[in-house]
There are 2 protein chains.
Amino acid sequence: MSKIFVDACLGKETPYTPVWMMRQAGRYLPEYKEVRAKAGDFLNLCHNPEMAAEVTLQPVDIVGVDAAIMFSDILVVPNEMGMELKFVKGEGPVFSNPIRSQEDLDKLSAGEATANKLTYVYETIKIVKEKLADDKALIGFAGAPWTLATYMIEGQGSKTYNISKKMMYSNPELLHNILAKVTEVVKYYLLKQIEAGADVVQIFDSWASAIEPSKYDEFSWKYMVEIADFLKERHPEVPIIMFPKGVAAFIERGLVYGNFDVFGVDWGTPMALAKEKLGNRYVLQGNMEPTRLYSKEATKECVSSLAELMKDGRHIFNLGHGILPDVPVENAKYFVNLCKELSKR
Amino acid sequence: MSKIFVDACLGKETPYTPVWMMRQAGRYLPEYKEVRAKAGDFLNLCHNPEMAAEVTLQPVDIVGVDAAIMFSDILVVPNEMGMELKFVKGEGPVFSNPIRSQEDLDKLSAGEATANKLTYVYETIKIVKEKLADDKALIGFAGAPWTLATYMIEGQGSKTYNISKKMMYSNPELLHNILAKVTEVVKYYLLKQIEAGADVVQIFDSWASAIEPSKYDEFSWKYMVEIADFLKERHPEVPIIMFPKGVAAFIERGLVYGNFDVFGVDWGTPMALAKEKLGNRYVLQGNMEPTRLYSKEATKECVSSLAELMKDGRHIFNLGHGILPDVPVENAKYFVNLCKELSKR
């Protein structure tokens, strides 16, 4: 049975434009909160394939999206490379020993051997695939090397990324060494997700916009291209989605080479501009402002205009960033149904 | 004596391209930290004209910038409208009673009477002007109504601005009422800064990029245009700088009407793109990535390329965001000297 989501990623014609939501397995769902409470620590939930599979499947059943995205966190990668990770309430993720020197970096493991440690992720994928309806797709994912590196260097989330960027300008060699080492893990990590059953993979460059435009290719984009080439050589049939958040300014500069199928458009980028600059090169995913979900009227205004703009296809509906925890489930369902209805061909 | 900075703002030819730095009166200067320690609380420093004037003048004397910017904080405006303001260590500014309803808003004062309460700001300006060399300019400033409103609504800094944006989509009337009331204060606040001696004023829309492109005009830009019209009617000779951070994506959309003289370009926007889209309409200010200041080499790379790109003038050197507290003073001096040297005509 063909999967509408996979077909849409590959630019094939579909009966309607498929839809999913970033962070769709999350706190706005009471069912998620129940499982989360049982798991205790957030990382416990990532490490428990049965529970992770359960929350992965919830939005498909409850909200009706066309694709599930495996429940996990991008930081399991540096964690398995040897960095101690804690989720501190109110502060978010914290690495107690951030990477500030070549010696720090040398202590970390890398390559296929490290990717092999992430068995709980591959196990989650296998369980989900057993239970997922044939016409629904499963998305695997990883953080972009740059985004992972910022956490590894800063030790936690940052407003200014000034430690990472001090390194970028004062010691670019060390930063490249970190990026290269992370890239080697992410390649095998995504490959093994595909081998476990992921139908599509997405690379999240959440902190893309922390790099000034003239340095973005050197410190982020080219590493993602390397990952895509590695995967496409082995699995040309598996679509790759690239989501570099906040790089509207780069579109003009033509940073569009690379073996990706889908370009995720954040809500800060007008879809009309993305279509004009990238629409021929990639299928576009996105990009409703997530806070519009608080209001059905605001949701309708946006979905209608996206449906009209993208009526010729090469589009996947999504939010332009993650769904917020206090959005009513009813509004999420309304969004998903409306996308399908207004894009029916 | 003519002021090179004012001339440059008005697009006149100048012997070199003038330079200043956002947050130039700040923690990277040991002399600032001394005064700050004497003042105790951050707000005390804003409220004390003698001390505020002293730190305003420091970067002119120490680093050699062409313009001083009065030391203050954008949040003194909502503070004087009646909102209790505290600077909490590690959290930043906090309003204990955020505005969530029309009743909350009705309790606040507004208009010229509220602007009259900010005497300590006008007093600071007068003291600075007495001491500032004739060829140097003094910049006054205010926060944009949208940026001020987000603090007033959220009660503190926010990553997602979801309370403000829930209001934008669910109760736009209330948000407009807040914005209109703030606008009425900012108009008179900037007018009185000019009357006290400010040579130029800058409006900071620091959270411009929190609004999706299709809503930016309605909820932010048009209010700033209203302020500019009000000021230009009374003081056409005083240049107005607009700094809407992170709106690279909008440039394409042509949001360029309004009575502003200078457009501040953040570091996320390539200057070449800004020049192409806005260079004929505005003098451009900016836009070196602030973390480049950690490295003289990285500073030189950027200043050289900006000097070359903007060699025909209509430019003011600056950072694309505020200087960071741990930048060496020596590097700041290097930046300022280099800008002057490489732009000599």
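A:Asn287 sits in the loop between strand E8 (283–286) and helix H15 (296–309) of chain A. Helices (H or I, at least four residues) and strands (E, at least two) are DSSP runs, numbered from the N terminus. The peptide bond from A:Gly286 to A:Asn287 is cis, with omega near -10°. Chain B has a cis peptide bond between B:Gly286 and B:Asn287, with omega about -10°. B:Asn287 is found in the loop between E8 and helix H15 (296–309) of chain B.

A:Arg314 is not a glycine, yet has a positive phi of about 55°. It lies in the loop between H15 and strand E9 (315–316) of chain A. Most residues other than glycine have a negative phi, and most peptide bonds are trans.

## Model and numbering

This is a predicted model: local features need pLDDT of at least 70, side-chain atom pairs count only at pLDDT 80 or more, and totals for chains, interfaces and linings use all residues. Residues are numbered from 1 along each chain as its sequence is written, while chains are lettered from A and ligands numbered from 1 in the order in which they are written.

## The sheet of chain B

Seven strands of chain B form an open sheet. Their order is E1-E4-E5-E6-E7-E8-E9, and the pairing is parallel. Two strands pair if DSSP finds at least two bridges between them. Strand E1 (67–69) and strand E9 (315–316) of chain B stand at the edges with a single partner strand each, so one side of each has no neighbour in the sheet.

Strand E7 (residues 262–265) and strand E8 (residues 283–286) of chain B run parallel and are joined by four bridges. B:Val262 has B:Val283 as its bridge partner in E8(B).

## Helices on the sheet and on each other

Helix H11 (residues 172–196) of chain B lies across strand E4 (137–143) and strand E5 (200–205) of chain B. H11(B) runs at about 170° to E4(B). Helix H14 (residues 271–278) of chain B lies across E7 and E8 of chain B, at about 160° to E8(B). Axes are lines fitted to C-alpha atoms, for helices over the stretch in contact, and angles run from 0 to 180 degrees between N-to-C directions. Two residues are in contact if their C-beta atoms, placed from the backbone, lie within 7 Å.

In chain A, helix H4 (residues 49–62) packs on helix H8 (residues 119–131) at an angle of about 50°, with the axes 8 Å apart. That makes H4(A) oblique to H8(A). Angles under 35 degrees count as roughly parallel, over 145 as roughly antiparallel, 65 to 115 as roughly perpendicular and the rest as oblique. Among the residues that meet are A:Ala53 and A:Leu57 in H4(A), and A:Ile127 and A:Val128 in H8(A).

## Where the chains meet

The contact takes 26 residues from chain B and 26 residues from chain A. Helix H10 (162–170), helix H12 (213–234) and helix H13 (248–251) of chain B each give two or more residues to the side that touches chain A. H10(B) gives the most, with five residues.

Chain B can be laid on chain A with an RMSD of 0.0 Å by a turn of 180° and a shift of 0.0 Å along the axis. The two copies are thus related as by a two-fold rotation axis. Copies are superposed by least squares on the C-alpha atoms of residues with pLDDT of at least 70 in both. Of the residues of chain B, B:Ala249 comes closest to the rotation axis, at 3.0 Å (C-alpha). The copies meet through the same surface, because 100% of the interface residues of chain B are also interface residues in chain A.
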